[in-house]
Amino acid sequence: QEGSSTEADVPAPVVPANFWCLVEKEPGSPTFTEQEAMIPEKDRAACLQLLAASKAGDEAAVAKALATLSTLPIAVETKSGQADHRVFLLPNKCSGKVRETTFGGSGLGYSVWEAGIALSIHLASNPSLVHNKVVMELGSGVGLVGVACGLLGAEEVVLTDFGAVDDGSNQAWFAEEVVGQEGFQKRGVEGANSVVEE
């Protein structure tokens with residue numbers, strides 16, 4: 001629920017924890033063929049390049065690998081150093097950090113869902129879909145997609161979810177960590193809690 005599109009905000013050193021790759025299926029086909037479900041070789045090679053550079057501690061090679069990955073439909077999840085935080089490096093040098101919590105403890109969708117990662121990759125790969133547009137994310141949970149939209153130049157982003165207006169956990173953290181950043185403001189709407197990026 002924190003985001004940044006600058007390279008300075010990429011955690012250093014970059015230690016990949018996971019890779020999330022989008023693959024395309026044949027138009028009109030109801031299911032993926034075995035070949036389509038395979039990660040394209042160039043995408044696989046770019047992931048392996050980052051792993052090797054990170055393991056070797058080669059900052060120049062890490063930067064080169066990240067530059068390559070930023071042009072592909074891949075999200076790199078990196079180790080954040082905080083157990084409840086997840087950091088995603090998305091295409092077009094867009095990065096987002098979100099905080100996960102227990103469902104009962106936050107009153108929000110408490111997890112980053114795979115569909116949210118996939119949609120964030122798709123939007124970061126196609127920023128014109130949200131650039132200069134008003135976006136409302138329904139059921140935003142921890143807010144990865146909404147934060148990505150804001151970082152990709154959406155004119156306004158409204159994140160919504162159900163739960164207590166402020167129970168002192170995730171929503172308060174979100175207000176401090178995200179709303180305090182340039183361009184983000186908190187605004188209550190009809191008793192709901194929402195964050196708007198303008």
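This report walks through a predicted model of a protein, from its overall make-up to a few local details.

## Overall make-up

The protein has 198 residues, and 45% of them are buried. Its secondary structure comes to 6 helices and 9 strands. Among contacts with a separation of 6 or more, 57% join residues 24 or more positions apart.

## How confident is the prediction?

Average pLDDT for the protein is 75, and 64% of the residues score at least 70. Of the elements, helix α2 has the highest mean pLDDT, at 94, while strand β9 (residues 192-197) has the lowest, at 40. Two stretches deserve a look on your screen. Residues 179-183 have a pLDDT below 50, and in the model this stretch has 11 contacts beyond near neighbours in sequence. Residues 186-198 also fall below 50, with 41 contacts beyond near neighbours in sequence.

Let's turn to helix α2. This helix covers residues 59-69, and its buried residues are Val62, Ala65, Leu66 and Leu69. Viewed down the axis of α2, these buried residues fall within an arc of 100°, so they line one face of the helix. An α-helix has 3.6 residues a turn, so residues three or four places apart point the same way.

What do the buried residues of α2 pack against? Their partners are β2 (16-21), α1 (41-56), β3 and β4. On the face turned away from the buried side sit the exposed residues Ala60 and Lys64. At the start of α2, a side-chain oxygen of Asp58 comes to within 3.2 Å of the backbone nitrogen of Ala60.

Glu77 belongs to strand β3, which spans residues 74-78. Is Glu77 buried or exposed? Its relative accessible area is 10%, which is under the 20% cut-off, so Glu77 counts as buried. Arg86, at 15% relative accessibility, is buried as well. The side chains of Glu77 and Arg86 meet in a salt bridge, at 2.7 Å from N to O.

Leaving aside neighbours within four places in sequence, its contacts include Val15, Pro16, Trp20 and Phe88.

## The other salt bridges

A search of the whole structure finds 3 salt bridges. Side chains of opposite charge can pair when their charged atoms come close. Glu41 forms one with Arg44, where the closest N and O atoms are 3.8 Å apart. Both of these residues lie in helix α1, 3 residues apart, about one turn of the helix. Glu41 is exposed, at 52% relative accessible area, and Arg44 is partly exposed, at 44%.

Lys42 and Asp43 also meet through their side chains in a salt bridge, at 3.5 Å from N to O.

Most residues other than glycine have a negative phi. Asn92 has a positive phi of about 60° although it is not a glycine. Lys93, again not a glycine, has a positive phi of about 55°.

Where does Asn92 lie? Asn92 is in the loop between β4 (85-90) and β5 (94-99), and Lys93 is found in the loop between β4 and β5 too. Asn92 is partly exposed, with a relative accessible area of 43%, and Lys93 is partly exposed at 40%.

Conventions
Residues numbered from 1 in each chain as written. Predicted model: local features only at pLDDT ≥ 70, side-chain atom pairs only at ≥ 80, totals over all residues. Heavy atoms only, no water. Helix = DSSP H or I, 4+ residues; strand = E, 2+ residues; numbered from the N terminus. Buried < 20%, exposed > 50% of the residue type's maximum accessible area, 1.4 Å probe, protein only. Contact = heavy atoms within 4.5 Å. Arc of directions from axis to C-beta. Polar contact = N/O pair within 3.5 Å; in protein donor to acceptor, adjacent residues only side chain to side chain. pLDDT = per-residue confidence, 0-100. Salt bridge = Lys/Arg side-chain N within 4 Å of Asp/Glu carboxyl O.
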